[in-house]
Amino acid sequence: MNTKNILSVKNLKKIYSSKETGATHALSNLNLDVKEGEIFGLLGPNGAGKTTFINILAGTVIKTEGQVSVCGFDLDKDPRQVRASVGIVPQEINLDPFFSPKKLLELQAGLYGVKKKDRITDTILKLVALEDQANSYARGLSGGMKRRLLMAKALVHQPPIVFLDEPTAGVDVELRKNLWKNVRMLNDQGVTIILTTHYLEEAEEMCDRIAILNKGNVVALDSTKNLLNKIQTKKITFKTDKKVTINDGDLDTLKIISILENEICVSYEKNKIKIEELMNLIKKNNVQITDISTDDGDLEDVFLRLIKN
């Protein structure tokens, strides 16, 4: 994997000040690098600063201080180049209902100054599977098609980086999978993808690396795998031939989640308890274990822990 940074952010700050509330730090000292060709996740609760960050790159919000460079262009010196290097798929659907997808893309390309002969409108419509709807009114498109059309709009100037802001907010599961497929396809073609999301399964499924933002700061930045490895708590369910009697704290960090006639579910910290010890504890009462299933937790656990700290 090449490790060239395509986006580099140093000490980025955005402070909004108003008479009523005083100074609000939407971003305070944000530092991160995104590598070329990766799918990078920006996670965080609402108000963590994700959208402010995207808007600074889009040129709709002016940063307070710090440095941003995109594809080697400095945001202060070459704001137009930076904007040209980035495609943004917004969260809310903002399409003119009386234009066809083809018309919309042609118009968008014109706004970006893409010359007629350099336009790839049909290719893009194919990429987002809208070639059959190329000439129908946008208002007649389904929700999923509209989402894909927003993606298409972000691609008309062939930017090397595409930002997806909460791409699947309020979208059903089927459609979500479909959008993920589209995003992967784009990524396979060499486009670097940055997505903000609060669906942790989305980040787990899609992202090579993840930055977790909270209150305008990066509280974690690592590969998805490493973040998942940080989870200490493990959940485990034993199926047994009869009811088990054990208690919280029989072993250090052991918590009983539920006890049924033929099943017991517990959680524990994997650096404190070995699974053999746990099995011995259960078998002590002359109980046979017939089945074991474990759950290693997910990003949600990391997320909550980081934000609590």
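Which helices and which strand each supply at least two residues of the lining of the largest pocket? In this predicted model, local features need pLDDT of at least 70 and side-chain atom pairs count only at pLDDT 80 or more, while totals for chains, interfaces and linings use all residues. Residues are numbered from 1 along each chain as its sequence is written, and side-chain values use heavy atoms, with hydrogens and water left out.

The contributors are helix 1 (50–58), helix 2 (79–85), helix 3 (101–111) and helix 5 (143–155), together with strand 6 (86–89); helices (H or I, at least four residues) and strands (E, at least two) are DSSP runs numbered from the N terminus. Helix 1 gives the most, with five residues. The lining comprises 26 residues, and Ala58, Arg83, Val86, Gln108 and Tyr112 lie nearest the pocket centre. By residue class, eleven are nonpolar, ten polar and five charged. The volume is about 730 Å³. Here a pocket is an open set of points on a 1 Å grid over the protein atoms alone where a 1.4 Å probe fits, with protein on both sides within 12 Å along at least five of seven lines; lining residues have an atom within 4 Å of a point.

Leucine 164 touches (heavy atoms within 4.5 Å) Val89, Met151, Val183, Ile193, Ile194, Leu195 and Thr196, not counting residues up to four places away in sequence.

Ten salt bridges are found in the whole structure, each a side-chain nitrogen of Lys or Arg within 4 Å of a carboxyl oxygen of Asp or Glu. One of them joins glutamate 166 to lysine 50, with the closest N and O atoms 3.9 Å apart. Lysine 50 belongs to helix 1, whereas glutamate 166 sits in the loop between strand 7 (161–165) and helix 6 (173–188), 116 residues apart. Both partners are buried (under 20% relative accessible area; exposed is over 50%, partly exposed in between; 1.4 Å probe, protein chains only).

Arginine 184 and glutamate 205 also meet in a salt bridge, at 3.3 Å from N to O. Arginine 184 is partly exposed at 32% relative accessibility, as is glutamate 205 at 43%.

Conventions: Points joined across faces, edges and corners; volume = space filled by probe spheres on them. Nonpolar A, V, L, I, M, F, W, Y, C, P; charged D, E, K, R; others polar.
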